[in-house]
Amino acid sequence: MRRRHPELAQRLATALRELVLLTRQATADQKVSAQQLGVLGSLSAGPRRMTALAQEHGVRTPTMTAHVSRLEKLGAVERGADAEDARAVAVGLTEHGRDLLREGRAARADFLGARLAELSDEERAAVEAALPALRKIAAPRDGA
């Protein structure tokens, strides 16, 4: 069994929380909330079932349904029949939703870019070097 590294895990969790809160500030003036922007991002690759969205975001299906309903009222998403099971409902992005997602991502990138510019070359290189390991940590696991 591999060692769990609880101290590093706690420091990473704290840093991730701080980064999430920071990036939410970047989109505070956007037309959609940070959570809704996350849902739009999940739909960028194509329509998804409500249950899959809820699972990905770590919320219950009724909570995701409420998020989707608000996005639907904004004209950012639309519901339709699932391509694999016509009895199931899939949610997909509209053109307006794609525009909102582009705007939100650009705002986050600009915000983080300004923060990265405040770092030394060595610190930026360390952030860049850490990205592959962070992506590996974030990758879906079988059975998860």
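View 1. Leaving aside neighbours within four places in sequence, Gln36 is in contact with His67, Arg70 and Leu71, where contact means heavy atoms within 4.5 Å. The model shown is predicted: local features need pLDDT of at least 70, side-chain atom pairs count only at pLDDT 80 or more, and totals for chains, interfaces and linings use all residues. Residues are numbered from 1 along each chain as its sequence is written, and side-chain values use heavy atoms, with hydrogens and water left out. Gln36 lies in helix α2, residues 34-42; helices (H or I, at least four residues) and strands (E, at least two) are DSSP runs, numbered from the N terminus. Gln36 counts as buried because its relative accessibility is 8% (buried means under 20% relative accessible area, exposed over 50%, partly exposed in between, with a 1.4 Å probe and protein chains only).

**View 2. Ala54 in helix α3.** Helix α3 covers residues 50-57 and includes Ala54. With a relative accessibility of 2%, Ala54 is also classed as buried. Not counting residues up to four places away in sequence, Ala54 touches Val59, Arg60, Thr61 and Met64. From Ala54 to Val127 the separation is 73 residues in sequence and 30 Å in space, C-alpha to C-alpha.

**View 3. The backbone at His5.** His5 sits in the segment before α1 (6-26). The phi of His5 is positive, about 55 degrees, although this residue is not a glycine. Most residues other than glycine have a negative phi. His5 has a relative accessible area of 37%, so His5 is partly exposed.
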